[in-house]
Amino acid sequence: MTLSRTGGQILVDQLIVHGVEQLFCVPGESFLAVLDALHEASIAVSVCRQEGGAAMMAEAQGKLTGRPGICFVTRGPGATNATAGVHIAHQDSTPLLLFVGQVARGALGREAFQELDYSAVFGTMAKWVVQVDDAKRLPELVSRAFHVATSGRPGPVVIALSEDMLTEAASVADALPYAVTETHPGAAQLAELQDRLAKAQRPVVILGGSRWSEAAVQQFTAFAEAFSLPVYCSFRRQMLFSAKHTSYAGDLGLGANPRLLARIRQSDLVLLVGGRLSEVPSQGYELLGIPTPQQALVHVHADADELGKLYRAAQSIHATPQAFAQAVSTLHPTAPVAWTAETLAAREDYLRWSDPAPIRIPGPLQMGEVMQHLREVLPADTIFCNGAGNFATWVHRFWPFTTYASQLAPTSGSMGYGLPAGVGAKRLWPQREVVVFAGDGDFMMHGQEFATAVQYGLPIIVVLLDNAMFGTIRMHQERHYPGRVSATQLKNPDFCGYAQVFGGHGERVTTTAEFAPALARARASGKPAILHCLLDAQAITPTSTLDGIRDAALAFIMNK
């Protein structure tokens, strides 16, 4: 006999059935019945300071595990605050469930207090938006939400919960736990791929997207090694192939290595696995021809709708990265490959490009030496997190990612992501070291979540690079409107003091010599820590200065 339960209790029971162990929320009266049901539940609840941060924490866990991150927010402004995290999950193909409190059923359509039409609000950035008005349908709809979020190309699902439905009693059985369906390549497709490789002279591999796993990364590595293939990772997906492997040749991000781009343009076969090769990795949609690439393209993707959506591939393979990696790990070349020298040369290009030793920037704090020190003292599986800004270049270019699930960075380019992502990662895996890189403008987008790190005793390290400006925008401003600085300057707080008043550890770093001992003290403190690193304003990239960018732009204008 099925017992009668409130909607709130039914919902929490479904989360447990589907394996949820953690969730993030900003509390609201619209889902008090859920909070009450969580009181005795086995799910760890993290209370956050703003809904955008809560959604980003949940998205980070979804990105690391492949299981949907879970976030609860209240109606109206709570839901709209969370849209930044939903947009990240959409563009990053991350499974995420956002539960939103809704007004009572009797008030719907009257523009009640904080009422919104969530299908209209989230319809362009969520895979599915549903409103639950009947407690008996919670097992059905929550089960479907898990399935939609994890199937094909993963993404966010938004579930609106009528407030009075959550207090309504109902008798209904729980759903079965959700299961992810893997789509496998066929034998004929594998044979065709092997034939294409046998005929190629300059093949390259690009890895991206989601639905990978540690085992899949290892299996694909075995395939790449067997065929001596040069492997590139898509924008902010460097954790998909070890930077220490002799086949690794770099990443397709912002400011990519020009030699890397030239090699892809000159290739005769591109194997794209898991990714969409969207605007940033395609260098503004110019790396491959659209709709027909000049190179033979083999596109492998978990979602059939992505195949042929932008690029007309010579061969399309509808398969998940996990299933594809398992299948190709059994393949071996039937004759000596013709491109081993090309792979070795691509590897040398990467090693030169990623070496921080020769990098010199204006000012007393040398970030090249900082990155060298981090490479020497941090564990290889350290989880690096960042938001958006020029500061992220130091991580993407100079940190060697060698471990799956060690990178949290938004392909959507969302500022403020790094700190919440770091909190989500440390809450998930407290034994792993977590380092957040942030700019001054970037950090202040969700800096209040440092309080969340303190509340839960999460000793993350924030390397905060302060140049008193929105640096990326200022860089573009100097390129397009040289010398006309407008709306990009910032007056910042003392971030060292900021950390301390929240109950964390704070250090101020102004010179290269100060960084190593400050980092050691921060790691030893056992507290969330901020290293407030003051950068010279001219040090806008590892190889460019603001004055140099401005002068080049002025010279171009004068010569037109």
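This is a predicted model: local features need pLDDT of at least 70, side-chain atom pairs count only at pLDDT 80 or more; totals for chains, interfaces and linings use all residues.
Let's call a residue buried when its relative accessible area is under 20%, exposed when over 50%, and partly exposed in between, using a 1.4 Å probe and protein chains only. Residues are numbered from 1 along each chain as its sequence is written, and side-chain values use heavy atoms, with hydrogens and water left out.

Back to Glu-478. Its side chain meets that of Arg-474 in a salt bridge, 3.1 Å from N to O; the term covers a side-chain nitrogen of Lys or Arg within 4 Å of a carboxyl oxygen of Asp or Glu. The two residues are 4 apart in helix H18 (residues 471-480), so about one helical turn separates Glu-478 and Arg-474. Helices here are DSSP runs of H or I with at least four residues, and strands are runs of E with at least two, numbered from the N terminus. Arg-474 also counts as buried, because its relative accessibility is 13%.

The structure holds 21 salt bridges. Another one joins Glu-306 and Arg-153, at 3.2 Å from N to O. This pair links distant parts of the chain, 153 residues apart: Glu-306 is in the loop between strand E13 (296-301) and strand E14 (315-318), and Arg-153 is in the loop between helix H7 (138-150) and strand E7 (156-162). Glu-306 and Arg-153 are both buried. Then there's Arg-263, whose salt bridge with Glu-342 has its closest N and O atoms 2.9 Å apart. Arg-263 lies in helix H10 (residues 258-265) and Glu-342 in helix H12 (residues 340-353), so this pair ties together parts 79 residues apart in sequence. Glu-342 counts as partly exposed because its relative accessibility is 38%.

On to the rings. There are 18 aromatic pairs in the structure, where rings of Phe, Tyr and Trp (its six-membered ring) pair if their centres lie within 6.5 Å, and planes under 30 degrees apart count as stacked, over 60 as edge-to-face and the rest as tilted. Phe-223 and Phe-227 make a tilted pair, 5.1 Å centre to centre with 50° between the planes, and both are buried. Elsewhere, Phe-443, Phe-450, Phe-495, Tyr-498 and Phe-502 form one aromatic cluster. Rings also meet charges: the charged end of Arg-397 sits over the ring of Trp-353, 3.6 Å from its centre, and that of Arg-144 sits over the ring of Trp-128 at 4.1 Å. Sitting over a ring takes NZ of Lys or CZ of Arg within 6 Å of the ring centre and within 35 degrees of the ring normal.

Now for the nonpolar core, meaning a set of buried Ala, Val, Leu, Ile, Met, Phe, Trp, Tyr and Cys residues joined through side-chain atoms within 4.5 Å. The largest has 87 residues, and Phe-122, Phe-220, Leu-271 and Phe-324 have the most contacts inside it. Helix H3 (residues 51-65) supplies the largest share of this core, 7 residues. A second, separate core of 36 residues includes Phe-146, Val-148, Met-165 and Tyr-178.

Finally, the cysteines. With a disulfide taken as a pair of cysteine sulfur atoms within 2.5 Å, the count is 0. Cys-25 is in no disulfide, and the nearest cysteine sulfur, that of Cys-48, is 6.7 Å away. Cys-25 is buried, with a relative accessible area of 2%.
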